[in-house]
Amino acid sequence: MEETIPSREECLSLMSKCGMLENIVSHSMEVAKVALFIAVELKKKGRAIDLALVEAASLLHDLTKTECLKTKEDHAQTASRQLKRMGYERVGEVVAQHIRLVKEGDPSRVSEAEIVNYADKRVMHDRIVPLEERFRDLKARYGLNQKAMDYLEQLQKEIYGIENKIFFILQIDPNEIQRPLWRGAEDLRK
Ligand SMILES: [Fe+2]
(Lines give C-alpha, C1' and ligand atoms only; values in the text may rest on other atoms or scores of the structure.)
Protein backbone atom coordinates (compact mmCIF):
# COMPACT_ATOMS: atom_id res chain seq x y z
CA MET A 1 0.00 0.00 0.00
CA GLU A 2 1.27 3.40 -0.85
CA GLU A 3 2.11 5.53 2.13
CA THR A 4 -0.37 8.32 2.74
CA ILE A 5 0.87 11.75 3.50
CA PRO A 6 -1.74 14.39 4.23
CA SER A 7 -1.79 17.39 1.89
CA ARG A 8 -1.20 20.89 3.24
CA GLU A 9 -4.97 21.48 3.24
CA GLU A 10 -5.58 18.26 5.16
CA CYS A 11 -2.92 19.24 7.69
CA LEU A 12 -4.43 22.68 8.21
CA SER A 13 -7.89 21.25 8.66
CA LEU A 14 -6.60 18.65 11.12
CA MET A 15 -4.81 21.41 13.04
CA SER A 16 -7.97 23.46 13.34
CA LYS A 17 -10.02 20.40 14.37
CA CYS A 18 -7.55 19.67 17.17
CA GLY A 19 -8.17 23.05 18.78
CA MET A 20 -4.53 24.09 18.77
CA LEU A 21 -3.67 27.37 20.45
CA GLU A 22 -3.21 30.19 17.94
CA ASN A 23 0.43 30.76 18.88
CA ILE A 24 1.23 27.06 18.42
CA VAL A 25 -0.37 27.19 14.97
CA SER A 26 1.79 30.22 14.02
CA HIS A 27 4.87 28.46 15.36
CA SER A 28 4.09 25.36 13.29
CA MET A 29 3.57 27.38 10.09
CA GLU A 30 6.93 29.04 10.56
CA VAL A 31 8.64 25.72 11.28
CA ALA A 32 7.13 24.37 8.05
CA LYS A 33 8.60 27.30 6.11
CA VAL A 34 12.08 26.80 7.53
CA ALA A 35 11.93 23.02 7.09
CA LEU A 36 10.73 23.29 3.50
CA PHE A 37 13.33 25.87 2.65
CA ILE A 38 16.08 23.56 3.90
CA ALA A 39 14.50 20.53 2.20
CA VAL A 40 14.23 22.29 -1.15
CA GLU A 41 17.80 23.55 -0.96
CA LEU A 42 19.03 20.04 -0.12
CA LYS A 43 17.09 18.69 -3.07
CA LYS A 44 18.76 21.24 -5.32
CA LYS A 45 22.05 19.76 -4.13
CA GLY A 46 20.88 16.37 -5.33
CA ARG A 47 19.77 14.96 -1.98
CA ALA A 48 16.73 12.68 -1.83
CA ILE A 49 14.19 14.38 0.41
CA ASP A 50 10.44 13.80 0.58
CA LEU A 51 9.10 17.35 0.56
CA ALA A 52 5.51 16.34 1.29
CA LEU A 53 6.66 14.41 4.36
CA VAL A 54 8.73 17.34 5.60
CA GLU A 55 5.88 19.77 5.17
CA ALA A 56 3.19 17.59 6.75
CA ALA A 57 5.34 16.60 9.72
CA SER A 58 6.38 20.17 10.42
CA LEU A 59 2.83 21.45 10.25
CA LEU A 60 1.62 18.63 12.51
CA HIS A 61 4.54 18.31 14.94
CA ASP A 62 2.79 20.14 17.79
CA LEU A 63 -0.70 18.85 16.97
CA THR A 64 -1.39 17.65 20.51
CA LYS A 65 0.76 20.13 22.42
CA THR A 66 -2.21 22.26 23.47
CA GLU A 67 -3.93 19.39 25.29
CA CYS A 68 -0.60 18.09 26.63
CA LEU A 69 -0.05 21.40 28.40
CA LYS A 70 -2.85 20.21 30.69
CA THR A 71 -2.27 16.45 30.72
CA LYS A 72 1.53 16.78 30.96
CA GLU A 73 1.88 13.94 28.46
CA ASP A 74 4.75 13.86 25.98
CA HIS A 75 3.22 15.66 23.01
CA ALA A 76 5.70 14.21 20.50
CA GLN A 77 4.48 10.74 21.42
CA THR A 78 0.76 11.48 21.62
CA ALA A 79 0.77 13.32 18.27
CA SER A 80 2.77 10.51 16.71
CA ARG A 81 0.33 7.88 17.96
CA GLN A 82 -2.67 9.86 16.76
CA LEU A 83 -1.18 10.30 13.27
CA LYS A 84 -0.23 6.64 12.99
CA ARG A 85 -3.76 5.66 13.98
CA MET A 86 -4.97 7.82 11.10
CA GLY A 87 -2.73 5.87 8.71
CA TYR A 88 0.01 8.50 8.52
CA GLU A 89 2.78 6.15 9.58
CA ARG A 90 5.82 8.02 8.26
CA VAL A 91 4.53 11.42 9.34
CA GLY A 92 4.01 9.91 12.80
CA GLU A 93 7.60 8.63 12.80
CA VAL A 94 8.99 12.08 12.03
CA VAL A 95 6.72 13.84 14.54
CA ALA A 96 7.80 11.38 17.27
CA GLN A 97 11.35 12.64 16.78
CA HIS A 98 10.76 16.38 16.69
CA ILE A 99 11.97 16.91 20.26
CA ARG A 100 14.68 14.31 20.24
CA LEU A 101 15.97 12.16 17.41
CA VAL A 102 15.84 8.47 18.23
CA LYS A 103 18.98 7.32 16.59
CA GLU A 104 22.37 8.54 15.63
CA GLY A 105 22.02 10.14 12.21
CA ASP A 106 23.64 8.85 9.07
CA PRO A 107 26.55 11.22 8.43
CA SER A 108 26.14 10.87 4.69
CA ARG A 109 22.45 11.69 4.60
CA VAL A 110 20.07 14.28 6.05
CA SER A 111 16.78 12.67 7.03
CA GLU A 112 13.34 14.26 7.00
CA ALA A 113 13.24 13.79 10.80
CA GLU A 114 16.46 15.72 11.19
CA ILE A 115 15.15 18.57 9.04
CA VAL A 116 11.93 18.91 11.05
CA ASN A 117 13.76 18.58 14.37
CA TYR A 118 16.27 21.22 13.35
CA ALA A 119 13.66 23.62 11.92
CA ASP A 120 11.72 23.43 15.19
CA LYS A 121 14.87 24.49 17.05
CA ARG A 122 15.30 27.49 14.75
CA VAL A 123 11.82 28.89 15.39
CA MET A 124 11.18 30.51 18.73
CA HIS A 125 7.45 31.12 18.99
CA ASP A 126 6.95 32.37 15.41
CA ARG A 127 10.32 33.97 14.86
CA ILE A 128 13.38 32.49 13.15
CA VAL A 129 16.34 32.72 15.51
CA PRO A 130 19.83 31.22 15.78
CA LEU A 131 20.07 27.94 17.73
CA GLU A 132 21.84 29.76 20.51
CA GLU A 133 18.92 32.07 21.18
CA ARG A 134 16.36 29.28 21.06
CA PHE A 135 18.34 27.23 23.56
CA ARG A 136 18.79 30.20 25.85
CA ASP A 137 14.99 30.47 25.95
CA LEU A 138 14.48 26.70 26.35
CA LYS A 139 16.94 26.61 29.23
CA ALA A 140 15.23 29.54 30.94
CA ARG A 141 11.81 27.88 30.58
CA TYR A 142 12.61 24.20 31.08
CA GLY A 143 16.07 23.99 32.63
CA LEU A 144 14.66 23.99 36.12
CA ASN A 145 17.15 21.57 37.64
CA GLN A 146 20.52 20.09 36.82
CA LYS A 147 19.04 17.02 35.14
CA ALA A 148 16.86 19.13 32.85
CA MET A 149 19.79 21.38 32.12
CA ASP A 150 22.07 18.44 31.23
CA TYR A 151 19.37 17.12 28.91
CA LEU A 152 19.12 20.46 27.12
CA GLU A 153 22.90 20.70 26.84
CA GLN A 154 22.94 17.27 25.23
CA LEU A 155 20.15 18.21 22.81
CA GLN A 156 21.99 21.38 21.91
CA LYS A 157 25.16 19.47 21.14
CA GLU A 158 23.31 17.04 18.92
CA ILE A 159 21.50 19.76 17.03
CA TYR A 160 24.68 21.68 16.31
CA GLY A 161 25.93 18.47 14.67
CA ILE A 162 22.85 18.44 12.44
CA GLU A 163 23.25 22.12 11.65
CA ASN A 164 26.83 21.54 10.57
CA LYS A 165 25.84 18.59 8.42
CA ILE A 166 23.02 20.51 6.67
CA PHE A 167 24.89 23.72 6.07
CA PHE A 168 28.06 22.02 4.95
CA ILE A 169 25.98 20.58 2.09
CA LEU A 170 24.13 23.82 1.40
CA GLN A 171 27.25 25.95 1.54
CA ILE A 172 25.39 28.85 3.11
CA ASP A 173 25.52 30.34 6.56
CA PRO A 174 22.78 29.07 8.93
CA ASN A 175 21.85 32.69 9.57
CA GLU A 176 20.96 33.18 5.92
CA ILE A 177 17.57 31.68 6.68
CA GLN A 178 16.80 34.56 9.01
CA ARG A 179 16.58 36.99 6.17
CA PRO A 180 13.04 38.04 5.43
CA LEU A 181 13.80 37.86 1.71
CA TRP A 182 13.12 34.27 1.02
CA ARG A 183 10.00 32.96 -0.62
CA GLY A 184 6.99 31.43 1.13
CA ALA A 185 6.40 27.71 1.43
CA GLU A 186 3.95 27.60 -1.49
CA ASP A 187 6.55 28.82 -3.95
CA LEU A 188 9.17 26.49 -2.57
CA ARG A 189 7.09 23.45 -3.44
CA LYS A 190 6.88 24.39 -7.15
FE1 LIG B 1 6.88 20.37 20.06
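Guide: The chain exposes about 10100 Å², and carbon and sulfur atoms supply 52% of that area. The model is a predicted one.

The metal is an iron ion, coordinated by Asp 62 through OD and by His 75 and His 98 through NE2, at 2.0 to 2.2 Å. Along the chain, these donors follow the spacing D-x12-H-x22-H. Asp 62 lies in the loop between helix H3 (51–60) and helix H4 (65–71), whereas His 75 is in helix H5 (residues 75–85), so this pair ties together parts that are 13 residues apart in sequence.

How much cover do these two have? A residue counts as buried when its relative accessible area is under 20%. Asp 62 has a relative accessibility of 3% and therefore counts as buried. His 75, with 12%, is buried as well because it also falls under that cut-off.

Around the site, the chain has ten helices and two strands. Read from the N terminus, the elements run α-α-α-α-α-α-α-β-β-α-α-α. The radius of gyration of the chain is 16 Å, close to the 16 Å that the globule rule gives for 190 residues, so the chain is as compact as a globular protein of that length. Its C-alpha atoms fill a box of roughly 45 × 40 × 30 Å along the principal axes. Among contacts with a separation of 6 or more, 64% are between residues 24 or more positions apart.

Helix H7 (residues 112–122) is another buried part of the chain: eleven of its eleven residues are buried, so this helix is largely enclosed by the rest of the structure. The buried residues of H7 include Ile 115, Val 116 and Tyr 118, and also Glu 112, Glu 114, Asp 120, Lys 121 and Arg 122.

For charges over the whole chain, the mean positions of the 31 positive and 32 negative ones are 1 Å apart.

From Glu 158 to Ser 80, the separation is 78 residues in sequence and 22 Å in space, C-alpha to C-alpha.

Methods. Residues are numbered from 1 along each chain as its sequence is written. This is a predicted model: local features need pLDDT of at least 70, side-chain atom pairs count only at pLDDT 80 or more; totals for chains, interfaces and linings use all residues. Side-chain values use heavy atoms; hydrogens and water are left out. Donors are N, O and S atoms within 2.8 Å of the metal (3.2 Å for Na, K and Ca); water is not among the atoms, so sites may look incomplete. Helices (H or I, at least four residues) and strands (E, at least two) are DSSP runs, numbered from the N terminus. Buried means under 20% relative accessible area, exposed over 50%, partly exposed in between (1.4 Å probe, protein chains only). The radius of gyration is taken over C-alpha atoms; the globule rule is 2.2 Å times the number of residues to the power 0.38. Contact means heavy atoms within 4.5 Å. Accessible areas come from the Shrake-Rupley method with a 1.4 Å probe; for residues, only the protein chains shown count as cover. Lys and Arg count as positive and Asp and Glu as negative; His and the chain ends are not counted. The place of a charge is taken as NZ of Lys, CZ of Arg, CG of Asp or CD of Glu.
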